[in-house]
Amino acid sequence: MKHKQWNILSNEIVFELAEKNMKYDEALLENLAPNQTIERFYIWKQPGITFSYKQECPLKMHHLDASKRITGGGIVFHSPGDIVFSITGWKNDPNYPVKMKEKLQKISSRVSLAIQNTGVRIDSESKLSSKDMDYCQTYPTPFEISINGQKVLGLTIRQFRLKWLIQGVIHTKPTHISLREFTQSQIKSNLDEKAILLNILNYSK
């Protein structure tokens, strides 16, 4: 239920370059107004990668469109057509649970419902065949969503003193050819990103 004294803003602004998209999320966090939540959902434009603030871009990927995130997690491969999002809020945001894990579970459930409303069946449990903590695609979490054994939802959160930031990706398209030589597990999904995005934005909070 949306609290009347709390303003939830939708934002669909998108940039061509990974760094501009990540810097924009940082700006949203830095300039967040009191009693405000910003939910930014957009469709990724070109092949690229993002990586955790705890990592550096691997040398073999320096030629790719790449950017550091201010959240954690592993390396994320972004293909054109993927849905990428960020949710920025205050620690006392009444629309989100206090605990970080519960925030992520709320978003995971929202994405799961949006995907299923397009007629796609998701796996009842994770079926990751390999685990590599450097890569989001094989980075196991209790909030991931998989379809036909492939992880299609990646989520990460970082809690600051008064605010928090969730960043995520829904892999709706096959891994772009320019990224395939680097992926630990090629993403082969071919979901309707516009339908999923519409369902997410219309989903009752």
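In helix 1, the residues A18, N21, M22, Y24, D25, L28 and L29 are buried (under 20% relative accessible area with a 1.4 Å probe and protein chains only; over 50% is exposed, and partly exposed lies in between). Seen down the helix axis, these buried residues fall within an arc of 155°, so they line one face of the helix; the arc is taken from the directions of the C-beta atoms as seen from the axis. The model is predicted, so local features need pLDDT of at least 70 and side-chain atom pairs pLDDT 80 or more, while totals for chains, interfaces and linings use all residues. Residues are numbered from 1 along each chain, and side-chain values use heavy atoms, without hydrogens and water.

What covers this buried face? The cover includes strand 1 (7-11), strand 2 (36-43) and strand 6 (83-90), where contact means heavy atoms within 4.5 Å. Helices (H or I, at least four residues) and strands (E, at least two) are DSSP runs, numbered from the N terminus.

Turning to the rings, there are 4 aromatic pairs (Phe, Tyr or Trp rings, the last by its six-membered ring, with centres within 6.5 Å; planes under 30 degrees apart are stacked, over 60 edge-to-face, the rest tilted). One of them joins F15 and Y24 edge-to-face, at 5.4 Å between centres and 65° between planes. F15 is partly exposed at 27%, whereas Y24 is buried at 18%. F41 and F85 are stacked, because their centres are 5.0 Å apart and their planes at 25°. F41 belongs to strand 2 and F85 to strand 6, so this pair ties together parts 44 residues apart in sequence.
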